[in-house]
Amino acid sequence: MNNQTEGPFVLSVISGKGGVGKSMTSVNLSEMLTLIGFSVALIDADIGLSNCATLLNEQVHGSVAGWIRGENGLEDLPQDAGGITLITGSDDPAHHTFDPDLMVDALDQIVSHLSADYDFIIIDTPAGAGEMTLWALDRAHVGTIILVDEPTAISDIYRLCKYVYSIDPGFNFAAVVNFADDEESAESTCKRFNHILDYFLKKQVNYLGFIPASIAVKNSVKDQQTLLQSNPGDPILDELRFIAENVAGMAGKVPQRAEKPVL
């Protein structure tokens, strides 16, 4: 885990399995942090299967894989996506087996390149405990778990957390609950996950907030828009703002307001 306190706050967004809303959360959290006044760079590190540009309805101008292959320069990588600076690892499935050492070295250079200009660097990772996920967690101040109330999703993220704790027992995880019916059910999901962690590993994660199961989310994904763009008056934005303000508080960027220890 990155224990550096100066420079940008680096947050990796992880999940044990795909389809739990990880990239959707990364994109909308990035936009909400931007809305409340922070500069945000979003790195899509799901090599070969990048979705952040798709969710933002952006055509990828240059990728990290392309930079490594000499197809574009470092200066071509950051692209403005509605106020978010987006960097795409690769949206070409053929790059899925790219040499991880080369990719990690390139991503480290990009994080260093971004560090002087941004308050937050958010890294959207592939599902599971692959090379890119472990790289992102190692560079992050906090790993944000996307929890959903589904047995296999909880089982998979538990195994990922257990593996990371075996490497770094002091690693800092926090949780966002997605697809929740309401705040009560979201807190219940996080509480049950914390009971599992506490029983087997004597660990806890902090609860950052929840994203409701909502037709607004489905429509925004379908329309390739952020929730703010597609549903500017929807109450779901209050929940996203709650999460963003908790992340900002956790980063020491503003007074920490409402991070909830759901134990």
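The model is predicted, so local features need pLDDT of at least 70, side-chain atom pairs count only at pLDDT 80 or more, and totals for chains, interfaces and linings use all residues. Residues are numbered from 1 along each chain as its sequence is written, and side-chain values use heavy atoms, with hydrogens and water left out.

**Enclosed strands**
- Strands here are DSSP E runs of at least two residues, and helices are H or I runs of at least four, numbered from the N terminus.
- Strand β5 (residues 120-124) is largely enclosed by the rest of the structure, because five of its five residues are buried; buried means under 20% relative accessible area, exposed over 50%, partly exposed in between (1.4 Å probe, protein chains only).
- On one side of β5 lie Phe 120, Ile 122 and Asp 124, and on the other Ile 121 and Ile 123, all buried.
- In a regular strand the side chains alternate between the two faces of the sheet.
- Strand β2 has five of five residues buried, so β2 is also largely enclosed by the rest of the structure.

**Pairing**
- Two strands pair if DSSP finds at least two bridges between them.
- β5 pairs in the parallel sense with β1 (residues 9-14) over five bridges, and Val 10 has Ile 121 as its bridge partner.
- β5 also pairs in the parallel sense with β2 (residues 40-44) over five bridges, where Ala 41 stands opposite Ile 121.
- β2 and β4 (residues 84-88) run parallel, joined by four bridges, and Asp 44 stands opposite Thr 88.

**Exposed residue**
- Asp 101 lies in helix α4 (residues 100-114) and counts as exposed, at 60% relative accessibility.
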